[in-house]
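Q: Hi, I'm new to this one. Could you walk me through a few parts of it?

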Amino acid sequence: MIPRLLLSAPASGGGKTTAACALLQALVDRGAAPAAFKCGPDYIDPMFHSRIIGAKSRNLDLFFLGKECARALLAENSQNAGVALIEGVMGYYDGVALSDEASAYDLARTTQTPVVLVLDGRGRALSAAAEAAGFRDFRPDSGIRGVILNRVSPMLYPRLKQSIESETGLHVYGYLPVMEDCALESRHLGLVTADEVADLKDKLRRLARQAERSLELDGLLDLARSAPELDAPALDVPPRVEGRPRIAVAWDKAFCFYYQDSLNLLKRLGAELVEFSPLADKALPEGTQGLYLGGGYPELCAGELSANRAMREAVCKAAAGGMPTVAECGGFLYLHETLEDVGGRSWPMAGLLPQRAWNSGKLGRFGYVTLTAAHEGLLCAAGERIPAHEFHYWESGEPGEDFYAQKPQSSRSWRCGVHTPTLYAGFPHFHFCGCMQAARRFVAACGAYQP
């Protein structure tokens, strides 16, 4: 039995991240030991959940994971937690293309989790009831059990609550007022990372105090406890690799986009993970047998990355010498010959890939894709498939052509990615729990590598 709750909203920008953070911080302050989850592929919201609030946080993405794996990870990561709080993605029914596949609704249905809809109360009265009823009734199994009102005044709230409850029968579990001094900043890939927000802990404490005053926390916990027993199989993990190969994971303010369950899977497959900073360190960790260069914001740190010539040369030498290397999106940009920063200046990078990378000024090839390998390489054999996601404004002179990328429910496709026996480098990023055999191949290649 896992008490659980999913917060969603009619659309992006409705305040679900603010409401989720306020509720999580209030639950932590109460000693309720919440576990947090993010629906979809977003890296940044879980940073707020975990690094600042202190709640264990993971991603649950049905496109990446499939239904059984998502349920398994929800169960596994909710062990010893008092309640599991899932934050939705986009609008409640917004999934792949114009379907509800992999939406917050799909996840709620898959995990039988009660849903509370976060409604923006600005500029509306009775229409708030119509919106709540419309979302609840759009699917007969919507799972929507209640409402939280966001950005409403204490004076207006009692009337809005009475209106929604009398018109729809949904319970309103409180409200959050406009709190301009607690706004969370954004940039081109979404919210700024948790480590960058000034006075974030103080902002979240104020949000939590407000949640204690104006949200029905006990009622929300009761709703979470009403969730049925979760039907979750054990995670089916491939056999471990012998020898405990050491994989160096780039981790600093330039490279911080990783799925924690992906990292945990590499460990379960036998890897030893050691963090290093391409910004600050002068050499790779001693005994490194593999490299994992995740996504992040290298374009914001291009000058600093370039100034660390010793590390640029160490990474290039290792990867060129056959050290198994996975470089997703930001890590892919780092491997280029040059990288343009946000001001338009180009800086020398690792130089493994003899191409430049620049700001295209627009979001490129955004969304889910299925990658099919054109030939055998580090992660998979020819014809094998990997679910992936792209989200980037920067472009490459040669984004690769070793995979066929196919948009779901679409005829749109393209070639992308560099895939050799020792290297994956490309804009698409993936969740290793959604391609466990690829993860094992990576760890096994690291184990076989001899410097």
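Q: Leaving aside neighbours within four places in sequence, which residues is Glu340 in contact with?
A: This is a predicted model, and in it Glu340 is in contact with Glu299, Arg345, Ser346, Ala357, Trp358, Asn359 and Trp394, once neighbours within four places in sequence are set aside.

Q: Where is the place of Glu340, in terms of strands?
A: Glu340 belongs to strand S16, which covers residues 336-340.

Q: Which side chain of opposite charge is nearest to Glu340, and how many Å away?
A: That would be Arg356, 4.6 Å away. Glu340 is buried and yet has no salt bridge. The cut-off for a salt bridge is 4 Å, from a side-chain nitrogen of Lys or Arg to a carboxyl oxygen of Asp or Glu.

Q: What lies 3.2 Å from a polar atom of the Glu340 side chain?
A: The backbone nitrogen of Asn359 does.

Q: Let's change topic. How many strands form the open sheet, and in what order?
A: There are 7 strands, in the order S3-S2-S4-S1-S5-S6-S7, and the pairing is parallel.

Q: Which strands stand at the edges?
A: Strand S3 (56-60) and S7 do; each has a single partner strand, so one side of each is left without a neighbour in the sheet. On average, neighbouring strands of this sheet are turned by 25° against each other, ignoring direction.

Q: And over how many bridges do S6 and S7 pair?
A: Strand S6 (residues 144-150) pairs with S7 over 4 bridges, in the parallel sense.

Q: What about helices? Which strands does helix H1 lie across?
A: Helix H1 (residues 16-30) lies across strand S1 (4-8), strand S2 (34-39), strand S4 (83-87), strand S5 (115-120) and S7, and runs at about 165° to S4. Helix H3 (residues 62-77) packs on the sheet too, touching S1, S2, S3 and S4. The direction of H3 makes about 155° with that of S3.

Q: I also spotted Gly169. Where does Gly169 lie?
A: Gly169 is in the loop between helix H6 (157-168) and strand S7 (171-176).

Q: Is Gly169 buried or exposed?
A: Gly169 is exposed, because its relative accessible area is 64% and the cut-off for exposed is over 50%. Apart from neighbours within four places in sequence, Gly169 is in contact with Arg136 and Ile164.

Q: Next, helix H9. Which residues of H9 are buried?
A: In H9 (residues 260-268), the buried ones are Asp261, Ser262, Leu263, Leu265 and Leu266.

Q: What do those buried residues of H9 pack against?
A: They pack against S3, H3, strand S12 (272-276), strand S13 (290-293) and helix H13 (436-448). Just after H9, Gly270 takes a positive phi of about 115°.

Q: Last one: which residues are on each side of strand S23?
A: Leu423 and Ala425 are on one side, with Tyr424 and Gly426 on the other. These are all buried, so both faces of S23 (residues 423-426) are covered. In a regular strand the side chains alternate between the two faces of the sheet.

Definitions and conventions. Residues are numbered from 1 along each chain as its sequence is written. This is a predicted model: local features need pLDDT of at least 70, side-chain atom pairs count only at pLDDT 80 or more; totals for chains, interfaces and linings use all residues. Side-chain values use heavy atoms; hydrogens and water are left out. Helices (H or I, at least four residues) and strands (E, at least two) are DSSP runs, numbered from the N terminus. Buried means under 20% relative accessible area, exposed over 50%, partly exposed in between (1.4 Å probe, protein chains only). Contact means heavy atoms within 4.5 Å. Lys and Arg count as positive and Asp and Glu as negative; His and the chain ends are not counted. A polar contact is a pair of N or O atoms within 3.5 Å; within protein, one must be able to donate a hydrogen and the other to accept it, and residues adjacent in sequence count only if both atoms are side-chain atoms. Two strands pair if DSSP finds at least two bridges between them. Axes are lines fitted to C-alpha atoms, for helices over the stretch in contact, and angles run from 0 to 180 degrees between N-to-C directions.
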